[in-house]
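Q: I would like a close look at one part of this model. Keep it brisk.

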Amino acid sequence: MKGARIKALWSILRGVLAAAAATLLGMLLLAAAVIYLEVSDGALTALNQALKLLCVALGARFAVGVGGERGFFTGAAVGLLYMIAGYALYCLLGGALFSVSAMLLEMLVGGMAGAVVGALCANLRPRARRRGNAAKV
């Protein structure tokens with residue numbers, strides 16, 4: 001039982017770290033777009049939200065894997081933790097004042113997106129591995 005819990009926690013952590021790494025890369029691209037393409041504030045807000053959802057989806061995919069187990073719950077956990085960490089860092093780095101409703105909305109959207117992607121990944125059939133000249137079935 002202890003090994004299964006550690007494996008589940010490790011997969012969630014792996015998903016959150018993958019989402020965070022993708023966020024850093026995406027933010028670099030968004031910063032370049034703001035500088036060179038003169039993106040408006042409204043478009044930047046929409047791109048930022050899209051980036052967060054994309055990163056949650058990527059993190060859930062890394063955490064669950066194709067044909068993985070507990071996709072719904074693992075994906076939801078990745079989405080929730082990612083959004084909580086992101087909102088906390090935003091507030092700590094001098095963002096707007098803390099808003100409970102905004103944080104809850106972020107958590108809800110992130111958790112739902114992670115749960116949906118995790119469930120989809122868990123229900124995909126993993127590719128069959130071929131062995132040498134084995135007969136095709």
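Does Ala33 count as buried or exposed, and why?

A: Ala33 counts as buried because its relative accessibility is 15% (buried is under 20% relative accessible area, exposed over 50%, partly exposed in between; 1.4 Å probe, protein chains only). The model is predicted, with local features needing pLDDT of at least 70 and side-chain atom pairs pLDDT 80 or more, while totals for chains, interfaces and linings use all residues. Residues are numbered from 1 along each chain, and side-chain values use heavy atoms, without hydrogens or water.

Ala33 lies in helix α1, residues 2–37 (helices are DSSP runs of H or I, at least four residues, numbered from the N terminus). Leaving aside residues up to four places away in sequence, Ala33 touches Glu38 and Val39 (contact is heavy atoms within 4.5 Å). Leu44 is 11 residues from Ala33 in sequence, and their C-alpha atoms are 9.1 Å apart.

Burial also marks helix α4. Its buried residues include Glu106, Met107, Gly110 and Cys121. Helices α2 (41–64) and α3 are among what covers them. α4 has 24 residues and reaches 34 Å from first C-alpha to last, close to the expected 34 Å (1.5 Å times one less than the number of residues).

α3 (residues 71–92) and α4 (residues 100–123) have axes that come within 6 Å and cross at roughly 150° (lines fitted to C-alpha atoms over the stretch in contact, with angles from 0 to 180 degrees between N-to-C directions). The two are therefore roughly antiparallel (over 145 degrees). Gly75, Gly79 and Met83 of α3 are among the contact residues, as are Gly110, Gly114 and Gly118 of α4.

Notes. Parallel < 35°, antiparallel > 145°, perpendicular 65-115°, else oblique.
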